[in-house]
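This report goes through selected local features of one protein chain. Please keep the sequence and the model in view while reading.

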Amino acid sequence: MPPAANLQSPERLLVPVRTRLLWTVAGFGALLVAACLLAPLAGSTHISLARVFDRSIPYADNIDAQIFFVARLPRVLAAALVGSALALAGVVFQALLRNPLASPDTLGVSAGASLGAMLAITFDSGVTLLGLSAVPLASFAGSVGALLVVYGLSVVRRRGTSTMVLLLGGVTLTALLSAVMGFVQFMADFTQTFRNVRWMMGSLDVAAYAPLVAALVPMAFAWAGIATLPRVLDLISVGAESAATRGVDVARTERVALVSASLATGAAVSLAGPVAFIGIVVPHLVRLLVGADHRLVLPGSALFGATLLIACDVVARTAFAPLELPVGIVTAMIGGPVFLWLLFRRT
């Protein structure tokens, strides 16, 4: 049964949606605020907030302020953006494809972004744009290219989009792009291969604000598109025919959902690399807490996805300090068992 088709409990139905939305945003928002406040203080080097904001100390001499504003705060903001984008994309893909196992990786967007980044690393051209290196630019371009291929396949033989072709085309494209990535790695030298492997693990090693601003642009368009979808996603997740009989423009809604979720995924992967399990685990956990209504699931998933990735990054930075694990390893080690538990619970 699709996630949004689950029956709501009688207790939840008695509570007005606005009240539940308020509690959902307040609860998950409080967790996110706490994570954003505490995460920059965690690390192998202790810092004092009083010294960080002490204007009597010149910034060039204030080590605490430099660690806070350069080494930690950008990572926290990047984790919030990436976690929110991947979680929202997961919700949309699961509803659009009517498949509870769908994730931001399903349509090959992540694979396209990964291939773009790998090509930029292997054939380093030194190209920059607005302070950004070629890697995030090529990664986002790869994600857009993969989206165009899959979307083109889904609409070429019929009016509107075919969710079955989207799913099968995405899986096939992912396999094809993975083979190309293997070939690129085989042809690369040792140093390039090492950089490729590290990038593929997923990392939030962000020490500047320009990449955050660049990723925020496509994410803002994605969030604006997703904000129009909550009610229609409830209907589409039950069935396209049922949604059409209730006045939903299914073709337009599917296009908006597909492009928005893919933009969010591409921007997230270009910023942090492929981070596993956030997009598939977070929506299921949020549904357990707030139900299947997308008016609650979407904002809850955005806030909780950001919080979870911030927490995972703290673990990655502190578990083996002074070494820092790639955050993708932490999300996989946590998300894998959680998802198995969710599968066991559903059966």
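Ser 270 sits in helix α12; helices here are DSSP runs of H or I with at least four residues, strands are runs of E with at least two, and both are numbered from the N terminus. The model is a predicted one, in which local features need pLDDT of at least 70 and side-chain atom pairs count only at pLDDT 80 or more, while totals for chains, interfaces and linings use all residues. Residues are numbered from 1 along each chain as its sequence is written, and side-chain values use heavy atoms, with hydrogens and water left out.

With a relative accessibility of 12%, Ser 270 counts as buried. Buried means under 20% relative accessible area, exposed means over 50%, and partly exposed is in between, with a 1.4 Å probe and protein chains only. Not counting residues up to four places away in sequence, Ser 270 touches Pro 136, Ser 139 and Phe 140; contact means heavy atoms within 4.5 Å.

Helix α12 also holds Thr 265, which is buried at 0% relative accessibility. Neighbours within four places in sequence aside, the contacts of Thr 265 are Leu 86, Ala 89, Phe 93, Pro 104, Val 109 and Ser 110.

Leu 81 belongs to helix α4 and is buried, its relative accessible area being 14%. Leu 212, Leu 216, Met 219 and Trp 223 are in contact with Leu 81 when neighbours within four places in sequence are left aside. From Leu 81 to Ala 251 the separation is 170 residues in sequence and 29 Å in space, C-alpha to C-alpha.

Leu 137 is placed in helix α6. This residue is partly exposed, with 29% relative accessible area. Between Leu 137 and Gly 116 there are 8.2 Å in space, C-alpha to C-alpha, and 21 residues in sequence.

## Helix α7

Helix α7 covers residues 163-187 and has 25 residues, which at 1.5 Å a residue should span 36 Å; its end C-alpha atoms are 36 Å apart, so the two values agree. The expected span is 1.5 Å times one less than the number of residues. The buried residues in α7 include Thr 163, Gly 169, Gly 170, Leu 177 and Val 184. Its buried residues pack against α4 (63-96), α5, α6, α8 and α12.

## The largest pocket

A pocket is found on a 1 Å grid over the protein atoms alone: it is an open set of points where a 1.4 Å probe fits, with protein on both sides within 12 Å along at least five of seven lines, and lining residues have an atom within 4 Å of a point. The largest pocket holds about 690 Å³ of space, where volume is the space filled by probe spheres set on the points, and points are joined across faces, edges and corners.

Its lining has 30 residues, and Val 135, Trp 199, Ser 203, Asp 205 and Leu 271 are those nearest the centre. At least two lining residues come from each of α5 (109-122), α6 (134-155), α8 (190-200) and α12 (250-272). Helix α8 gives the largest share, four residues. By type, the lining has 18 nonpolar, six polar and six charged residues; Ala, Val, Leu, Ile, Met, Phe, Trp, Tyr, Cys and Pro count as nonpolar, Asp, Glu, Lys and Arg as charged, and the others, Gly among them, as polar.

## Cysteines

How many disulfides does a search of the whole structure find? It finds zero. A disulfide is a covalent bond between the sulfur atoms of two cysteines, taken here as a pair of cysteine sulfur atoms within 2.5 Å. The cysteine sulfur closest to that of Cys 36 is in Cys 312, 14 Å away, which is too far for a bond. Cys 36 is partly exposed at 27% relative accessibility, whereas Cys 312 is buried at 2%.

Two residues other than glycine with a positive phi are tabulated here.
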